[in-house]
Amino acid sequence: MVQSYAPLVLPPNVTREAFNKFLSACQDAVGSENIDVITSTAQIDDGDYMKPNYTHDPHHVLKQDFFLASAVIAPRNVADVQVIVKAANETHVPLWPISIGRNSGYGGAAPRVSGSVVLNMGKNMNKILEVNVEGAYCLVEPGVTFHDLHKYLVEHNLRDKLWLDVPDLGGGSILGNTLERGVGYTPYGDHFMMHSGIELVLPSGELIRTGMGAMPNPKSKEGTRPEDQPWNESAQLFNYGFGPYIDGIFTQSNLGIATKMGMWLMPNPGGYQSYLITIPREEDLKQAVDIIRPLRLGMILQNVPTIRHILLDAAVLNHKSHYTSDINRPLNDEELDKIAKDLNLGRWNFYGALYGPEPIRNAMFEVVKQSFSAIPGAKFYFPEDRKEENSILHTRHKTMQGIPTYDELRWVSWLPNGSHLFFSPIAPVNGAEATKQFSITKKRCLEADLDFLGTFTIGMREMHHIVCIVFDRKNEEQKKKVHWLIKTLIDDCAKEGWGEYRTHLAVMDQIMDTYSFNNNVFRRFNETIKDAVDPNGIIAPGKSGVWPKRFDREQWKL
Ligand code: ADP
């Protein structure tokens with residue numbers, strides 16, 4: 001029997017005895033070195049990106065401890081996860097699985113229901129299990145970061161064969177980011193599209209492999225535990241397998257705890273060139289987006305390019321105080337024009353890249369250049385044309401070829417005690433719609449006395465419009481405004497038919513309510529699955545606004 005712990009917050013409707021019974025079972029499996037019980041406020045430390053915490057959201061828009069873990073447990077292997085799941089079923093302790101737990105701007109490692117036990121899947125389960133050059137894929141455990149895999153490719157002299165796709169920051173996990181349907185910026189930027197095969201512990205404790213992974217490998221030796229069996233040889237080559245395609249229901253959801261995932265890697269294209277197009281006026285957004293649509297659909301734009309607002313770039317380069325003596329009010333048009341001029345950037349800046357042998361790149365760039373030249377004053381740059389010490393193009397040059405960086409962290413420090421929240425609606429690749437969405441979001445940011453910082457990341461037929469709401473987490477007044485801002489933006493956008501692709505814990509319920517076609521059947525269907533698969537509601541209750549029966553949604557919803 002372990003000592004009896006009194007966490008700062010117990011899981012709902014779980015007694016201290018039951019909680020300690022749960023911990024005792026876990027401790028027998030994982031060892032006390034892999035369990036942290038949160039018993040003191042001293043453990044609630046915001047830390048920073050490089051030193052993440054697992055207790056709460058370091059970018060807290062509500063009270064710092066509003067979403068608080070009771071304990072953090074790091075299983076060492078699949079068998080440990082199964083012991084934990086069994087104990088959770090017996091005691092009704094909810095689990096909140098994370099891989100790396102940075103999840104920056106969307107809630108960090110914090111659980112939706114305070115008192116949940118955060119399962120730190122990445123601490124011990126962090127192996128790159130396979131990099132297959134011929135098939136151009138890898139198989140990873142939850143703790144493998146983009147940075148780790150890149151380092152592996154470099155150290156094994158594989159970069160000339162394979163690239164990975166990375167998001168803006170290199171410290172997140174490949175598995176966690178993909179399960180959240182995150183994006184990167186090479187031609188393989190849609191991470192979920194590029195995954196192949198997931199292994200998960202189900203709420204029942206059983207281990208499942210999806211896609212072709214559901215078929216055993218005939219070379220498996222009899223008596224080998226399921227998790228140690230080799231995968232079917234096509235599991236990382238064909239992600240659909242046979243029958244209902246269930247991978248999707250394990251994304252942004254609460255139906256399983258992922259322990260392995262396959263991911264496609266991009267063959268080195270044999271040549272690469274990044275570029276920047278500066279677009280002078282804010283109103284040029286409309287024309288730019290209409291130019292982009294046919295180019296992206298026709299794959300002349302081969303990757304996930306971005307159109308970034310001037311202030312996002314300005315914030316990577318300097319704190320707000322560098323540009324104004326009054327950081328408490330949003331910058332005005334004249335100030336934005338001056339910043340753009342001083343930085344030799346446009347009010348919008350388009351970062352793209354070309355892939356393939358030189359003649360192909362040159363031909364593609366001719367089309368791109370000709371198309372964008374229709375915008376009066378648009379200017380074109382390659383990295384060698386930007387000699388300034390800090391250049392966003394030099395960072396994007398790395399990102400768009402799958403080299404992870406940490407430079408984009410700097411825009412979070414636009415304000416003192418810089419924290420951020422993402423508001424991420426989907427927009428069609430259509431100039432008028434994008435302009436309308438930008439205008440609505442910008443207007444609301446200004447009403448909240450905040451600057452608009454944002455970017456459009458351009459998918460095949462839509463754009464993820466990422467509004468980066470930066471705030472001072474020690475400024476309570478500002479936090480209230482930020483909370484008002486995101487709630488208002490969700491409503492404003494829903495009225496236009498725009499929904500978010502991903503969100504922070506604090507507004508998951510509100511966003512799920514906007515996906516309300518035909519009397520909320522989407523949410524109800526998900527809750528039917530949830531109750532069938534997880535009758536005790538032990539995995540991530542409330543994730544994405546999906547609540548198990550055991551939690552009264554009307555009482556829990558925010
Ligand atoms: P990142 O690696 O980008 O920091 P996280 O590890 O915080 O991301 O994961 C983001 C979200 O993805 C989590 O909040 C959780 O909902 C989901 N997730 C991450 N890892 C797992 C996992 N191993 N099993 C199930 N869900 C997971």
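Select F238 to begin. F238 is partly exposed, at 39% relative accessible area. (Buried means under 20% relative accessible area, exposed over 50%, partly exposed in between, with a 1.4 Å probe and protein chains only.) F238 sits in the loop between strand 9 (207–209) and strand 10 (257–264). Helices (H or I, at least four residues) and strands (E, at least two) are DSSP runs, numbered from the N terminus.

This is a predicted model, where local features need pLDDT of at least 70, side-chain atom pairs count only at pLDDT 80 or more, and totals for chains, interfaces and linings use all residues. Residues are numbered from 1 along each chain as its sequence is written, and side-chain values use heavy atoms, with hydrogens and water left out.

**The patch around F238**

Together with F238 they make a nonpolar surface patch of about 400 Å². Patch members have over 30% relative accessible area and no salt bridge; nonpolar side chains (Val, Leu, Ile, Met, Phe, Trp, Tyr) are joined within 5 Å, like charges within 9 Å. Accessible areas come from the Shrake-Rupley method with a 1.4 Å probe; for residues, only the protein chains shown count as cover.

**Helix 10**

Next, select residues 392–399, which form helix 10. Which of its residues are buried? They are I392, L393, T395, R396 and T399. These residues lie on the same side of helix 10, because they cover an arc of only 155° around the axis. The arc is that of the directions from the helix axis to the C-beta atoms.

Now show what covers them. The cover includes strand 12 (272–279), strand 13 (306–309), helix 7 (310–317), strand 14 (348–355) and strand 15 (379–381). Contact here means heavy atoms within 4.5 Å.

Step back to S391. S391 caps the N-terminal end of helix 10, with a side-chain oxygen 3.1 Å from the backbone nitrogen of L393.

**D313 in helix 7**

Move to D313, in helix 7. D313 is buried, with a relative accessible area of 0%. Its side chain makes a polar contact with the side chain of R308, at 2.6 Å. A polar contact is a pair of N or O atoms within 3.5 Å; within protein, one must be able to donate a hydrogen and the other to accept it, and residues adjacent in sequence count only if both atoms are side-chain atoms. Leaving out residues up to four places away in sequence, D313 touches R308, L345, N349, Y351 and I392. I392 is one of the buried residues of helix 10.

**Salt bridges**

How many salt bridges does a search of the whole structure find? It finds 39. (A salt bridge is a side-chain nitrogen of Lys or Arg within 4 Å of a carboxyl oxygen of Asp or Glu.)

Select R473 and D46. Their side chains meet in a salt bridge at 2.7 Å, N to O. R473 lies in the loop between strand 19 (462–472) and helix 12 (476–495) and D46 in the loop between strand 1 (35–37) and strand 2, so the pair ties together parts that are 427 residues apart in sequence. R473 is buried at 15% relative accessibility. D46 is buried too, at 11%.

Go to D342 and K338. This salt bridge is also given at 2.7 Å, N to O. Both residues lie in helix 8 (residues 333–343), four residues apart, about one turn of the helix. D342 is exposed, at 52% relative accessibility. K338 is exposed, with a relative accessible area of 52%.

Then pick D492 and R444. Their closest N and O atoms are 2.5 Å apart. D492 lies in helix 12 and R444 in helix 11 (residues 431–447), so the pair ties together parts that are 48 residues apart in sequence. Both D492 and R444 are buried. Select one more group: salt bridges that share partners join D168, R308, D313, R396 and E408 into one network.

**A74**

Select A74, in the loop between strand 2 (71–73) and helix 2 (78–91). A74 is buried, at 3% relative accessibility. Neighbours within four places in sequence aside, A74 is in contact with V30, N34, N120, K123 and N124.

**Two positive phi values**

Select R181, in the loop between helix 4 (174–179) and helix 5 (191–194). R181 is not a glycine, yet its phi is positive, about 60°. R181 is partly exposed, at 33% relative accessible area.

Last stop: N417, in the loop between helix 10 and strand 16 (418–423). Its phi is near 50°, a positive value in a residue other than glycine. N417 counts as partly exposed, at 32% relative accessibility.
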